[in-house]
Amino acid sequence: MSDYRPTPDLLQGRVILITGAGDGIGRVAAKTCAEYGATVILLGRTQRKLERVYDEIEQAGHPQAVIQPLDLEKAGVADYVQLAAAMEQQFGRLDGLLHNAAILGTLTPLGLYDIDLWHKVMQVNLHAPFLLTRACLGLLRRSTDASVIFTSDAVGRQGRAYWGAYGVSKSALEGMMQILADETESDGRIRVNSINPGTVRTALRARAYPAENPNQLLTPEAVMDKYLYLLGPDSRNVTGRAFNAQEA
Ligand SMILES: NC(=O)c1ccc[n+]([C@@H]2O[C@H](COP(=O)([O-])OP(=O)(O)OC[C@H]3O[C@@H](n4cnc5c(N)ncnc54)[C@H](OP(=O)(O)O)[C@@H]3O)[C@@H](O)[C@H]2O)c1
């Protein structure tokens with residue numbers, strides 16, 4: 001994969017929804033998808049951050065993005081149905097769905113984990129991707145070549161002490177990815193995979209490792225190849241697999 005060379009028009013004409021598009025990896029994924037020709041729906045909770053990404057995409061001359069403010073902690077079923085209806089009206093289909101938004105919660109032993117925080121982390125990291133996927137399935141089926149990506153983590157592939165709700169939510173996302181991939185494999189129109197970005201210089205990483213020197217970490221820009229591969233036509237029929245963005 002390290003020698004993957006996306007063509008400049010890789011995502012031309014595709015409509016891709018990215019959650020957590022206002023910051024960190026999601027922000028760079030949104031800008032990168034737009035650079036490769038996609039119309040990107042920027043979903044996130046902080047309007048001003050989404051507007052900044054929107055402006056950056058516009059100033060670069062890429063396809064105009066769409067801003068979709070939504071707090072995944074608070075959103076209910078009706079919000080997702082409404083969002084899907086709006087996308088249906090504007091685009092009639094969805095070609096890519098990158099579940100990227102997540103919160104860390106705290107690094108705490110399970111026996112001491114705050115119950116309210118547990119629910120909050122599960123809501124944002126696990127239930128929201130389920131609800132959003134469920135609402136978007138009809139739109140994804142209208143694409144000839146749709147890609148759903150769940151963002152995982154090393155601690156979602158192998159449980160690790162103190163990662164609590166975050167670690168459990170990421171393990172569960174791997175399970176959801178496998179179930180959905182199995183359910184959609186036979187019709188060949190939707191592929192479903194997970195990606196672990198690896199260690200990347202973002203606010204979430206800084207919260208987990210406050211003593212670390214961020215300048216020694218890869219930037220989000222440096223890990224985009226596999227995202228592009230999975231969102232573009234080169235990964236057609238690749239489904240049910242767990243990818244690492246920093247592995248060849
Ligand atoms: N960075 C790493 O080293 C690393 C390693 C492994 C996996 N990951 C995964 O990669 C993904 C991106 O992480 P990141 O490091 O880029 O994190 P980040 O910099 O903290 O960005 C997370 C994004 O999610 C959004 N978000 C959080 N809660 C939300 C909510 N309730 N509703 C809507 N949006 C919400 C944030 O919005 P606001 O900016 O408005 O808060 C932000 O845009 C996550 O799934 C994370 O688990 C990251």
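Author: Happy to! Helices here are DSSP runs of H or I with at least four residues, numbered from the N terminus. Their axes are lines fitted to C-alpha atoms over the stretch in contact, with angles from 0 to 180 degrees between N-to-C directions. This is a predicted model, where local features need pLDDT of at least 70, side-chain atom pairs count only at pLDDT 80 or more, and totals for chains, interfaces and linings use all residues. Residues are numbered from 1 along each chain as its sequence is written, and side-chain values use heavy atoms, leaving out hydrogens and water.

Start with helix H3 (residues 77-90) and helix H4 (residues 115-141), whose axes come within 9 Å and cross at roughly 35 degrees. In the contact (heavy atoms within 4.5 Å), H3 contributes residues including Tyr80, Leu83 and Met87, while H4 brings Leu131, Ala135 and Leu139, among others.

Now to the ligand. Among the 33 residues around the ligand (a heavy atom within 4 Å), Thr46, Lys49, Asn100, Tyr166 and Thr202 come nearest. A backbone N or O atom of Gly20 sits 3.3 Å from a ligand oxygen atom, and one of Glu73 sits 3.4 Å from a ligand nitrogen atom.

Methods: Helices (H or I, at least four residues) and strands (E, at least two) are DSSP runs, numbered from the N terminus. A polar contact is a pair of N or O atoms within 3.5 Å; within protein, one must be able to donate a hydrogen and the other to accept it, and residues adjacent in sequence count only if both atoms are side-chain atoms.
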